[in-house]
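I opened this entry to keep track of what I looked up. The notes follow in the order I made them.

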Amino acid sequence: MSEGPTKSHGRLSIAPSAAPRDLMSDRPSRAGAWYAQVITLFPEAFPGVLGLSLTGKALDQGLWALEPIDLRIFGEGKHRKVDDTPAGGGAGLVLRADIVGKAIAFAQRKSRLPLVYLSPRGRRFDQASARTWSQGPGVCLISGRFEGLDQRVIDHFGIEEVSLGDFVMTGGETAAQAMIDATVRLLPDVLGNAASVEDESFSAGLLEHPQYTRPAVWKGLEIPDVLTSGDHKAVEEWRRAQSEALTRARRPDLLAAKGTEKG
Ligand SMILES: C[S@@+](CC[C@H](N)C(=O)[O-])C[C@H]1O[C@@H](n2cnc3c(N)ncnc32)[C@H](O)[C@@H]1O
């Protein structure tokens, strides 16, 4: 089969798709906007939560662009088959190298973004990964299903494997949305208040301090006095101490990585 045809909508050129993706194609993207491609058997799962709140607003504003690529289109035969039984036997089905290879070639028709296979075997995604991705042109995420991808397509394209965590999901779509969300919110102009990115968990290798807001008393519980004292220096010191204590209690590995663990 030939590589899938493209269809142009305004400034976006997209793959042929089911109706949900056509809705997204109306969103313009700025030249050079951060670009996420997702090769998936479920393009209708996108934008999903990414279409809501700040990431959705940024998508509408063209601060980033999303191109789900329907793997099924590259399948074979009347049923557009994309998988087959594992060589050597065993349960389940494996996504075929030739089919996924065609989808990747289609994804690379205009530019070659870093290729990532979402996989529980991969390097664990973290805030540093999100920051690195946000500083690049975008990513092409390959979402697996069933038993995953034929190893040859991973080897041939030199695809990096990245995991959302040490658990197994039925498919990579949830992982794709989580990783894209964490990345997009670091792009310039996506969050209204840039300072909130600097303060939050992992930014300085620490977990974030506790947060409070109104009412001043709830179920007999008060906001710590220092936070209502108006003493900005004292607030900053309290928050820092809380961050360090929380990190020491919950994630000593982060402190060890910073080389600041005091024991
Ligand atoms: C049922 S899983 C396959 C698991 C695979 N047989 C294994 O044991 O490593 C199907 C797909 O879900 C996605 N997936 C599952 N867990 C994931 C995780 N923790 N991080 C990223 N992707 C995951 C991957 O794309 C994977 O190909």
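I began at A36, and found that A36 stands opposite V139 in β8. The model is predicted, so I take every value below as computed from that model. I then checked the pairing of the two strands: β3 and β8 run parallel, joined over five bridges.

Next I looked at the pairing of β3 with β4. That pairing is parallel too, over seven bridges. I traced the path of the chain from β3 through α2 to β4, and this β-α-β crossover is right-handed. I noted two bridge partners in β4. Q37 has E67 as its partner, and I39 has I69.

How many of the seven residues of β3 are buried? I counted six, so β3 is largely enclosed by the rest of the structure. I ran the check on β4, where seven of seven residues are buried and the strand is mostly covered. I sorted the β4 side chains by direction. W64, L66, P68 and D70 point one way. A65, E67 and I69 point the other way. Both sets are buried.

**Helix α6**

I turned to α6, residues 173-184. Does its length agree or disagree with what its twelve residues should span? At 1.5 Å a residue I expect 16 Å, and the end C-alpha atoms are 16 Å apart, which agrees.

I listed the buried residues of α6: E173, A175, A176, Q177, M179, I180, T183 and V184. I kept one rule in mind here: an α-helix has 3.6 residues a turn, so residues three or four places apart point the same way. I then asked what covers the buried residues of α6. The cover includes the strands β3 (34-40), β4 (64-70), β7 and β8 (138-143). It also includes the helices α2 (53-60) and α4 (127-134).

I followed the chain into the loop between α6 and α7 (195-199), where L187 is found. Is L187 buried, exposed or partly exposed? I found 17 other C-beta atoms within 10 Å; a residue needs 20 or more to be buried and 12 or fewer to be exposed, so L187 is partly exposed. Leaving out residues up to four places away in sequence, I found that L187 touches W34, L63, W64 and S134.

**Ligand**

Which residues come nearest to the ligand? Of the 19 around it, I noted L118, G144, G148, G172 and A175. A175 is also among the buried residues of α6. I looked for the element that gives the most to this shell, and it is β7 (residues 115-124), with four residues. By class, I have seven nonpolar, nine polar and three charged residues in the shell.

**Whole protein**

Last, I took the totals. I count nine helices and eleven strands in the protein. Of its 263 residues, 30% are buried. Among contacts between residues at least 6 apart in sequence, 73% join residues at least 24 apart.

Technical notes:
Residues numbered from 1 in each chain as written. Predicted model: local features only at pLDDT ≥ 70, side-chain atom pairs only at ≥ 80, totals over all residues. Near = placed C-beta within 6 Å. Nonpolar A, V, L, I, M, F, W, Y, C, P; charged D, E, K, R; others polar. Expected span 1.5 Å × (residues − 1). Contact = placed C-beta atoms within 7 Å. Pairing = 2+ DSSP bridges. Right-handed = clockwise from strand over helix to strand, strands pointing away.
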